[in-house]
Amino acid sequence: MAQEETAPQEMELDQADMAAANDEIEALKAERDDLRDKFMRALADAENSRKRADRDRREAEQYGSTRLARDLLPVFDNLKRALNAVNDDQRAAASALIEGVELTLRELITVMTRHGMTPIAPEIGEVFDPQTHQAMFEAPVAGTKAGQIIQVMTEGFLLHDRLLRPAQVGVSSNPQ
């Protein structure tokens with residue numbers, strides 16, 4: 001009879017052990033799910049950091065020379081002005097000097113192009129584009145429409161796809 005009495009107690013113990021084991025399993029599952037979530041978040045954060053670092057590296061390669069490129073623009077402008085100021089008499093008298101300035105300008109343009117700088121050279125009569133042009137003045141000019149370029153003071157430049165300097169232009173202000 002003693003065995004009969006212990007059997008229900010053992011069953012109660014087994015059920016209590018099972019309930020405790022189930023509770024422990026549920027707690028472990030919850031902890032596993034929490035750790036999995038933290039792991040996935042850490043993995044995503046690491047991937048985002050890697051992508052951000054790659055993007056920063058690419059931008060540094062492409063746009064790291066922006067200050068140097070801006071510093072070269074006055075050299076380009078001055079060489080262009082010097083060549084534009086030469087008349088035919090001066091060209092005949094100092095042809096070797098002028099040829100040297102032309103070669104220097106060509107080499108500067110080659111170097112600038114090699115490093116991703118492209119000129120923005122608007123033509124007279126083009127429509128003013130505020131994204132790439134800077135209006136230096138407005139003046140009414142006969143035979144033009146409002147917003148047309150009437151004079152180009154300096155060329156603009158892009159460094160890869162970013163505006164380094166807008167082209168400086170004069171714009172017609174004729175009423176429509």
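What follows describes the strand pairings, a hairpin turn and a helix.

The model is predicted, so local features need a pLDDT of at least 70 and side-chain atom pairs count only at pLDDT 80 or more, while totals for chains, interfaces and linings use all residues. Residues are numbered from 1 along each chain as its sequence is written, and side-chain values use heavy atoms, with hydrogens and water left out.

Helices (H or I, at least four residues) and strands (E, at least two) are DSSP runs numbered from the N terminus, and two strands are said to pair if DSSP finds at least two bridges between them.

| Strands | Sense | Bridges |
|---|---|---|
| β4 (residues 156-159) and β5 (residues 162-165) | antiparallel | 3 bridges |
| β2 (residues 133-139) and β6 | parallel | 6 bridges |
| β3 (residues 149-154) and β6 | antiparallel | 4 bridges |

Strand β6 (residues 167-172) is mostly covered, with 5 of its 6 residues buried, where buried means under 20% relative accessible area, exposed means over 50%, and partly exposed lies in between (1.4 Å probe, protein chains only). Within β6, Q168 stands opposite Q134, and Q168 is also the bridge partner of T154.

An open sheet of 3 strands runs in the order β1-β4-β5 with antiparallel pairing. Because β1 (117-120) and β5 stand at the edges, each with a single partner strand, one side of each is left without a neighbour in the sheet. Neighbouring strands of this sheet are turned by 35 degrees against each other on average, direction ignored; axes here are lines fitted to C-alpha atoms, for helices over the stretch in contact, and angles run from 0 to 180 degrees between N-to-C directions.

Helix α2 packs on this sheet, touching β1, β4 and β5, and its direction makes about 45 degrees with that of β5, contact meaning heavy atoms within 4.5 Å. Helix α2 covers residues 66-85, and its buried residues include L73, F76 and L79.

Between β4 and β5, which form a hairpin with 2 residues between them, L158 stands opposite L163 and L159 has R162 as its bridge partner. Most residues other than glycine have a negative phi. H160, in the loop between β4 and β5, has a positive phi of about 60 degrees although it is not a glycine. H160 is partly exposed, with a relative accessible area of 33%.

Methods: The expected span of a helix is 1.5 Å times one less than its number of residues.
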